[in-house]
Amino acid sequence: MTQDIALNDPLVVAGRSFNSRLMIGTGKYKDMEETRLAIEASGADIVTVALRRTNIGQNPGEPNLLDVVPPEKYTILPNTAFCYTAEEAVRTCRLARELLDGHDLVKLEVLGDDKTLYPNVTETLAAAETLINDGFKVMVYTSDDPLIAKRLEEMGCVAVMPLGAPIGSGLGIRNPHNIKLILENANVPIIVDAGVGTPSDATLAMELGCEGVLMNSAVAHASNPVLMAQAMRKAVECGREGYLAGRMPRKAYASASSPIEGVIGS
Amino acid sequence: MIRLTVNGESMKLYSANNLQELLDTLRLSNQRVAVEINSEIIPRSLHSQTRVREGDSIEIVRAIGGG
């Protein structure tokens, strides 16, 4: 079998290196076993989780997510999903830090609207400032606005994660031009978070030069989540290699691949 | 007997001198959780020395699936 060219090309976030550029969510799977198998197949190092109240008085023995994605094996990225204010998001991150024994890498998302789940950018900026001052390493979900992305980087966010399309929509990268504008000015990893529906969407994000892709629904809501997780792993690798390899220039007209000299009968 | 609010539900307990005992009673002591009492995080190392008082509002959270 052909041997792949070995690349020493880790994703570096907040000084930590990760082999995989695919980050994956743990929501919406059929059960814990499917969660475990899909995450394994994705090859992801960074895995997002949400924080919620424990069920009091019911199913105390129910399987715990952190048994399926042990923090010893994965970098757990707690999110602030369904926080609508900076205050709620900061509170959630502080609880996550306690839950995970001082772990300081968080995914900040402050939502503005139930229907679109679009980020509330003003609350996001406020939360990012408080969290950074409190010692958190903030990977921040935001809109695909290049100015806001730059502002979040300048504040000290360790990764900026613009949406490709609304969370859970599977619409793909709706505005690749904005993602490119964000990338042009970026000095921290730009990771497309939300909107990916297919492996080719993930590949496109990576071909544009993104440092990684974060997804959940595209895998969890596939007919076969485990197979899709594997496809996404390849898609992200494929897009990254294509980006590093450097695409050929676009031309308006044809350019023959075979030489014109010595054409038979000429 | 003391009355508490735990994750939004009111609860009466006959005995819970400290937070660790409350977690034991709720059968949560072997799970990875984070706890706030009256919006203040109580580090795990302090659970057994943190008193639970009448009227306390307690939040107990854990990690679940999310994107």
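In chain B, 53% of the contacts between residues at least 6 apart in sequence join residues at least 24 apart; contact means heavy atoms within 4.5 Å. This is a predicted model, in which local features need pLDDT of at least 70 and side-chain atom pairs count only at pLDDT 80 or more, while totals for chains, interfaces and linings use all residues. Residues are numbered from 1 along each chain as its sequence is written, chains are lettered from A and ligands numbered from 1 in the order in which they are written, and side-chain values use heavy atoms, with hydrogens and water left out.

**Chain B**

- Chain B has one helix and five strands. Helices (H or I, at least four residues) and strands (E, at least two) are DSSP runs, numbered from the N terminus.
- Their order along the sequence is β-β-α-β-β-β.
- Along the principal axes, the C-alpha atoms of chain B fill a box of roughly 40 × 25 × 20 Å.
- Of its 67 residues, 46% count as buried. Buried means under 20% relative accessible area, exposed over 50%, and partly exposed in between (1.4 Å probe, protein chains only).
- Chain B has an accessible surface of about 3,600 Å², and 43% of it belongs to carbon and sulfur atoms. Such areas come from the Shrake-Rupley method with a 1.4 Å probe; for residues, only the protein chains shown count as cover.
- Chain B carries 8 positive and 8 negative side chains, with the centres of the two sets 4 Å apart. Lys and Arg count as positive, Asp and Glu as negative; His and the chain ends are not counted. Each charge is placed at NZ of Lys, CZ of Arg, CG of Asp or CD of Glu.

**Chain A**

- Chain A has nine helices and ten strands.
- Its radius of gyration is 20 Å, close to the 18 Å that the globule rule gives for 266 residues, so chain A is as compact as a globular protein of that length.
- The C-alpha trace of chain A spans about 85 × 40 × 35 Å along its principal axes.
- Of the 266 residues of chain A, 49% count as buried.
- Among contacts in chain A between residues at least 6 apart in sequence, 66% join residues at least 24 apart.
- Chain A exposes about 13,200 Å², with 51% supplied by carbon and sulfur atoms.
- Chain A has 24 positive and 33 negative charges, and their mean positions are 3 Å apart.

**Where the chains meet**

- On the chain A side, 30 residues are in contact with 28 residues of chain B.
- The two chains bury about 2,600 Å² between them, 52% of it on carbon and sulfur atoms. Buried area is the accessible area (1.4 Å probe) that two parts lose on being put together, summed over both.
- In chain A, the residues that lose the most area to chain B are A:Arg53, A:Ile56 and A:Glu98, together 26% of what that side buries.

- A:Arg151 is found in helix α5 (residues 146–155). A:Arg151 is partly exposed, at 41% relative accessible area.
- C-alpha to C-alpha, A:Arg151 and A:Asn120 are 15 Å apart in space, and they are 31 residues apart in sequence.
- A:Arg240 lies in helix α9 (residues 225–245). A:Arg240 counts as buried, because its relative accessibility is 9%.
- Not counting residues up to four places away in sequence, A:Arg240 touches A:Asp9, A:Arg21, A:Met206, A:Cys210 and A:Glu211.

Methods:
Rg over C-alpha atoms; globule rule 2.2 N^0.38 Å.
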